[in-house]
Amino acid sequence: MSDTSSISSGVAARYATALFELAKDANTLPSVEKDLDTIGNALSQNHSLRDLFQSPVYSRDEVVGAISALAKKMELSLMVSSTLGLMAQTRRLPMVPALIEAVRAKIADEKGEITAEVTSAQNLTAAQEKELAATLKKSVGKDVKIKTTVDENLIGGLIIKVGSKMIDSSIKSKLSNLQNVMKEVG
């Protein structure tokens with residue numbers, strides 16, 4: 001299974017590199033980024049669209065037609081709609097989420113940004129996100145874009161992932177560590 005996953009991520013990375021390089025050469029990175037955000041949001045919110053991208057039940061012609069109509073309806077740029085059309089034609093639409101993440105990472109790197117994945121027990125306010133981004137910028141030396149998720153099981157605190165580093169200051173983690181220490185004592 002991991003062989004299939006690594007092959008898929010490799011193929012998605014090649015599509016991402018091609019899309020990124022074409023957009024960079026054409027000075028259209030901002031519109032490509034906006035289009036990818038639009039597609040990513042649609043995929044996360046629409047079960048039927050995810051099904052279209054993932055299911056092998058639909059014929060190639062149905063998928064290509066649907067992607068063409070979708071690109072027109074979403075007013076995607078020619079570059080992104082052509083990439084999606086090619087991926088639909090070659091039955092590679094299940095790789096679109098990996099493509100989106102890879103292109104976003106390349107664009108962020110181009111801008112000198114890094115993304116921090118922040119998990120909190122409650123939604124962060126705009127002021128908290130801004131302060132956290134400023135603090136992380138001092139630490140990593142790059143502009144930090146915050147991607148937040150909420151996990152109420154944390155009780156309180158944050159889990160922050162920046163690149164390969166992870167900071168876990170959640171109450172859940174601290175209680176778990178305390179429980180392990182208590183087991184060692186008793």
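**Exercise 1. Which residues of the largest nonpolar core touch the most other members?**

Solution. The largest nonpolar core has 33 residues, and Ile39, Phe53, Ile67, Leu93 and Val96 touch the most other members. Helices H1 (2–25), H2 (29–45), H3 (47–54), H4 (60–73), H5 (78–89) and H6 (96–111) each supply at least two residues of this core. H1 gives the most, seven residues. A nonpolar core is a set of buried Ala, Val, Leu, Ile, Met, Phe, Trp, Tyr and Cys residues joined through side-chain atoms within 4.5 Å. Buried means under 20% relative accessible area, exposed over 50%, and partly exposed in between (1.4 Å probe, protein chains only). Helices (H or I, at least four residues) and strands (E, at least two) are DSSP runs, numbered from the N terminus.

The model is predicted: local features need pLDDT of at least 70, side-chain atom pairs count only at pLDDT 80 or more, and totals for chains, interfaces and linings use all residues. Residues are numbered from 1 along each chain as its sequence is written, and side-chain values use heavy atoms, with hydrogens and water left out.

**Exercise 2. List what Ile67 touches, leaving out residues up to four places away in sequence.**

Solution. With contact meaning heavy atoms within 4.5 Å, Ile67 touches Leu52, Phe53, Leu84, Gly85, Ala88 and Leu93. A second, separate core has ten residues, including Ala116, Leu124, Leu132 and Ile146.

**Exercise 3. Describe how H3 and H4 pack.**

Solution. Start with the axes, which are lines fitted to C-alpha atoms, for helices over the stretch in contact; angles run from 0 to 180 degrees between N-to-C directions. The axes of H3 and H4 come within 10 Å and cross at roughly 135°. Angles under 35 degrees count as roughly parallel, over 145 as roughly antiparallel, 65 to 115 as roughly perpendicular and the rest as oblique. H3 and H4 are therefore oblique to each other.

Next, list the residues: H3 brings Leu49, Leu52 and Phe53 to the contact, and H4 brings Val63, Ala66, Ile67 and Leu70. By class there are seven nonpolar, no polar and no charged residues. Here Ala, Val, Leu, Ile, Met, Phe, Trp, Tyr, Cys and Pro count as nonpolar, Asp, Glu, Lys and Arg as charged, and the others, Gly among them, as polar.

**Exercise 4. Where do Asn27 and Arg91 lie, and are they buried, exposed or partly exposed?**

Solution. Asn27 is in the loop between H1 and H2. Its relative accessibility is 67%, so Asn27 counts as exposed. Arg91 is in the loop between H5 and H6; at 37%, Arg91 counts as partly exposed. Neither is a glycine, yet phi is positive in each, about 55° for Asn27 and about 60° for Arg91. Most residues other than glycine have a negative phi.

**Exercise 5. Summarise the whole chain.**

Solution. The chain has eight helices and four strands, in the order α-α-α-α-α-α-β-α-β-β-β-α from the N terminus. Of its 186 residues, 32% count as buried. The C-alpha trace spans about 65 × 35 × 30 Å along its principal axes.
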